[in-house]
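Have a look at the fold first, then we'll go through the ligand shell and the overall layout.

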Amino acid sequence: MSTAEETENPVISKVKEKDVTSAVAVAGHPLHAMTVHFPIALVFVTFAIDVIYWWSADPFWLRAGVWSSGGAFFMGAAAGAVGTAELLMVAGIRGRVASWAHAVAAMMLIAVAGLNWGLRVTDAAEILPHGLLVSALAAVLAGMAGWHGGKLIFHHGIGLMVSPKD
Ligand code: HEM
């Protein structure tokens, strides 16, 4: 009788043999996982700031949006640089389609976050409707990139650093 393991596609078995341990880490803590929370939070904060500005018309929120969108972009670019290093350096990560799906969604997010910041730096009053729409798009992309990133960890077991002491 054949089990699921015996009938597994040989290409998938080969990919599974490759290492998926994080290569960019500080004292056993993967750096990408430590940094991604900042762009995700700031993208959603920027969207909330734009909605509050739309509702209140208080120019304070225009200035707040410049800072939060800039933080989202630069923290996203920094997290993306670490993620790209993981993707290119670790054979078991770059061999999985799911890693590339996450990378494409994340790169789209970083590009849109850059657009959002650039829009505000060049003309802080360009928020209604363009800034708000770009913030909404960035929030959707952050959801997609974060979802696929989470799948890499919790579904594929990528980037884990299991201590030999355990
Ligand atoms: C060019 C860009 C990026 C690449 C190539 C990339 C690649 C990766 C890889 C390989 C992992 C698996 C874990 C690891 O090896 O560290 C991962 C996890 C993850 N990534 Fe990215 N990433 C990028 C940018 C981003 C950005 C901008 C975000 C923010 C939305 C993000 C959110 C996540 C999340 C939430 C996880 C799961 C981490 C956890 O739950 O601890 N990534 N990414």
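For what follows, Ala, Val, Leu, Ile, Met, Phe, Trp, Tyr, Cys and Pro count as nonpolar, Asp, Glu, Lys and Arg as charged, and the others, Gly among them, as polar. Keep in mind that this is a predicted model.

With that sorting, the shell around the ligand comes out as 18 nonpolar, twelve polar and one charged residues. There are 31 residues around the ligand, and the ones that come nearest are Ala33, Gly83, Ala106, Gly149 and Gly159. Helices H2 (31–35), H3 (37–56), H4 (60–89), H6 (97–122) and H7 (127–154) are the elements that each give two or more residues to this shell.

Zooming out, the protein chain has seven helices and two strands, arranged along the sequence as α-β-β-α-α-α-α-α-α. What radius of gyration does the protein chain have? The answer is 19 Å, whereas a compact globule of 166 residues would be near 15 Å. The C-alpha trace spans about 70 × 35 × 25 Å along its principal axes. Some 33% of the 166 residues count as buried. Among contacts with a separation of 6 or more, 76% come from residues 24 or more positions apart.

An unreviewed UniProt entry lists residues 36–55, 67–90, 97–115 and 127–147 as "transmembrane region". Here's how two of those spans look in the model:

| Span | Helix | Strand | End C-alpha atoms apart |
|---|---|---|---|
| residues 36–55 | 95% helix | 0% strand | 29 Å |
| residues 97–115 | 100% helix | 0% strand | 27 Å |

Methods. Residues are numbered from 1 along each chain as its sequence is written. This is a predicted model: local features need pLDDT of at least 70, side-chain atom pairs count only at pLDDT 80 or more; totals for chains, interfaces and linings use all residues. A residue is near a molecule or strand if its C-beta atom, placed from the backbone, lies within 6 Å of it. Helices (H or I, at least four residues) and strands (E, at least two) are DSSP runs, numbered from the N terminus. The radius of gyration is taken over C-alpha atoms; the globule rule is 2.2 Å times the number of residues to the power 0.38. A residue is buried if 20 or more other C-beta atoms lie within 10 Å of its own, exposed if 12 or fewer, and partly exposed in between; C-beta atoms are placed from the backbone. Two residues are in contact if their C-beta atoms, placed from the backbone, lie within 7 Å. UniProt positions are given in the numbering used here, feature names are shortened, and annotations may be inferred rather than shown by experiment.
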